[in-house]
Amino acid sequence: MNKEAAKSTLLVLSTGCLALYLIFNWRGWVVFSFLLGLIGIFSPWLSEKIHWIWMKLADLLASVVPKIVLTIVFYGVLFPLALISRLFRRDPLMLSDKYESYFIDIHQNPKKEDFTKIW
């Protein structure tokens, strides 16, 4: 394992602990940050173990969080929009049996200008 990656992980964790101290004003975060800094400086073996645990936690979160976010987006946004659309529109895709064809005749007489600039 890369020792520099382990040190940078401990630096990030230490900085996160200091940020939590600024938010919650609990001195335990400062002590924990100081301990993480000392581990990063003096114990490469323990630094690599903490880095390995942190990366496993990140892998676990990477497999769980997208499913939760997509579920919230689907049931919180898309499903209600589909219900509202179904309540207030009447067969926009012409899927019912009352239509003989999917063709819609718009009865428009084309002009010369319509063919000069198609796009």
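Let's start at N25, which is exposed, with a relative accessible area of 59%. (Exposed means over 50% relative accessible area, buried under 20% and partly exposed in between, using a 1.4 Å probe and protein chains only.) Keep in mind that this is a predicted model, where local features need pLDDT of at least 70, side-chain atom pairs count only at pLDDT 80 or more, and totals for chains, interfaces and linings use all residues. Residues are numbered from 1 along each chain as its sequence is written, and side-chain values use heavy atoms, with hydrogens and water left out.

Where does N25 sit? You'll find N25 in the loop between α1 (3–24) and α2 (28–42). (Helices, H or I with at least four residues, are DSSP runs numbered from the N terminus.) N25 isn't a glycine, yet its phi is positive, at about 55°. M94 has a phi near 55° too, and M94 is also a residue other than glycine. M94 lies in the loop between α3 and α4 (112–116), but M94 is buried, at 14% relative accessible area.

Two packed helices are described by the angle between their axes and the distance between the axes. For α1 and α2, the angle is about 170° and the axes are 8 Å apart. (Axes are lines fitted to C-alpha atoms over the stretch in contact, and angles run from 0 to 180 degrees between N-to-C directions.) So α1 and α2 are roughly antiparallel, the label for angles over 145 degrees; under 35 counts as roughly parallel, 65 to 115 as roughly perpendicular and the rest as oblique. Contact here means heavy atoms within 4.5 Å. Among the residues making the contact are L10, L13 and F24 of α1 and W29, F32 and L36 of α2.

What about aromatic pairs? The whole structure has three of them. (Rings of Phe, Tyr and Trp, using its six-membered ring, pair if their centres lie within 6.5 Å; planes under 30 degrees apart are stacked, over 60 edge-to-face and the rest tilted.) W26 and W29 make an edge-to-face pair, 5.7 Å centre to centre with 85° between the planes. W26 is exposed at 52% relative accessibility, while W29 is partly exposed at 23%. Y75 and F79 are edge-to-face as well, because their planes are at 65°, with centres 6.1 Å apart. Being four residues apart in helix α3 (residues 44–88), Y75 and F79 are separated by about one helical turn. Together with F74, Y75 and F79 form one aromatic cluster.

Technical notes: Helix = DSSP H or I, 4+ residues; strand = E, 2+ residues; numbered from the N terminus.
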